[in-house]
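Me: I have a new model on my screen and want to learn how to read it. Can we go through it feature by feature?

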Amino acid sequence: MTRFALILLVLLLPAVAHAKVRVVATLADYGAVAREVGGNRVDVDVLAPHNADPHHVDPRPNLLITLNKADLLIINGLGLEASWLDPLVRQARNPKINPGAPGHFVASSVAKLIDVPSGPVDRAQGDVHPGGNPHFYLDPASMIAIALSLQDRLTKLDPAGAADYAANATRFTTALKAYGQAAAAKFAQLPASKRQIVSYHKSLGYLLRWLGLTEIATIEPKPGIPPNPRHVATVLGAMKSGQVRVVLQEQFYPTKTSETVAKLASGEVVVLPAATNFEAGESYIAHLTKITEAVHVALAR
């Protein structure tokens, strides 16, 4: 290699490094999926810590810098992040990721939604989302659809990477589909009486549908409404009469009432991780495995 060619190569290296698509995901699960589909052609940042309540995230000023540099923003949608994300996107002054732009991807637009209200929604019903249940990140079928749509979106932003994105998406979705089927089959082997649970918040519908579980009650009387003694007594009665022993809840909800109810019903509380531990390099399938194994162990006792 001549001296001139070597100098030219050194000068081009920063440009090559900056050629990666900068992806920002609101939630860690989407960051993990983007990392799978994008491979080494993307740099991925996540706005919400993996253990945070996605409804309430601290809109730290440094997130503005992250959003300002993004080529693609992946959001959950259905209003899940609206209270903290919308102001950040406006202040980031990045037209590439504004709603409607090619760099603005709404996961709920391709998810397989449940709990879509049939009529008007008001605050008397609790924290009900008008567009449907927004917690579809616990549904392998929805995440497969999201991964394939991300493949398409990344290809449009970076046509040169089309083959890589296609191969990565195929590999990931094939593995996720196989895992989803295997986990569902494993839970199907439990007796029907052991496939019943109580949850804290009305947020686990997708997980329950996937694994064939039945939610007999929630600790909250309505979504987002703190439990009261009368309702808690009703839940306890339902657990005892149905011999239900397991209460499921995400880690960001308070556990005191759940633990009390579970103890009185001779059961246990299973606290689920809120999201993929993206910061530690955990994969989305590893995150689901952690959840399903903990739930299965509790139900099989």
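Reply: Start with the inside. The largest nonpolar core in this predicted model has 72 residues. Those with the most contacts inside that core are V23, Y30, I74 and V295. A nonpolar core is a set of buried Ala, Val, Leu, Ile, Met, Phe, Trp, Tyr and Cys residues joined through side-chain atoms within 4.5 Å. Buried means under 20% relative accessible area, exposed means over 50%, and partly exposed lies in between, with a 1.4 Å probe and protein chains only. In soluble globular proteins, nonpolar side chains tend to be buried together.

Me: Before we go on, what should I know about the numbering and the values?

Reply: Residues are numbered from 1 along each chain as its sequence is written, and side-chain values use heavy atoms, with hydrogens and water left out. Since the model is predicted, local features need pLDDT of at least 70 and side-chain atom pairs count only at pLDDT 80 or more, while totals for chains, interfaces and linings use all residues.

Me: Which residues is V23 in contact with, beyond its neighbours within four places in sequence?

Reply: Contact means heavy atoms within 4.5 Å. With those neighbours left aside, V23 touches A34, V42, D43, V44, D45, L72, I74 and L154. There is also a second, separate core of 16 residues. Y200, V232, V235 and A262 are among its members.

Me: How many helices and strands are in the chain?

Reply: Helices (H or I, at least four residues) and strands (E, at least two) are DSSP runs, numbered from the N terminus. This chain has 10 helices and eight strands.

Me: How do I read a sheet?

Reply: Strands of a sheet pair through backbone hydrogen bonds, either parallel or antiparallel. Here, two strands pair if DSSP finds at least two bridges between them.

Me: Over how many bridges do β5 and β7 pair?

Reply: Strand β5 (residues 196–199) and strand β7 (residues 246–250) pair over two bridges, in the parallel sense. V198 has V247 in β7 as its bridge partner.

Me: Where is A274 placed?

Reply: A274 is in the loop between β8 and α10. A274 is buried, with a relative accessible area of 10%. Neighbours within four places aside, A274 is in contact with H50, N51, A52, Q251, F252 and H287.

Me: How many aromatic pairs does the structure hold?

Reply: Rings of Phe, Tyr and Trp (its six-membered ring) pair if their centres lie within 6.5 Å; planes under 30 degrees apart count as stacked, over 60 as edge-to-face and the rest as tilted. The structure holds five such pairs. One of them is F136 with Y206, edge-to-face, 6.3 Å centre to centre and 90 degrees between the planes. That pair links distant parts of the chain, 70 residues apart. F136 sits in the loop between β4 (104–106) and α5 (140–157), and Y206 in helix α7 (residues 205–211). F136 and Y206 are both buried. Together with Y30, they form one aromatic cluster.

Me: What about phi?

Reply: Most residues other than glycine have a negative phi, and most peptide bonds are trans. R93 has a positive phi of about 55 degrees, although it is not a glycine. R93 lies in the loop between α4 (82–92) and β4. R93 counts as exposed, at 71% relative accessibility. Q243 also has a positive phi of about 55 degrees and is not a glycine. Q243 is in the loop between α8 (229–242) and β7. Its relative accessible area of 57% makes Q243 exposed.
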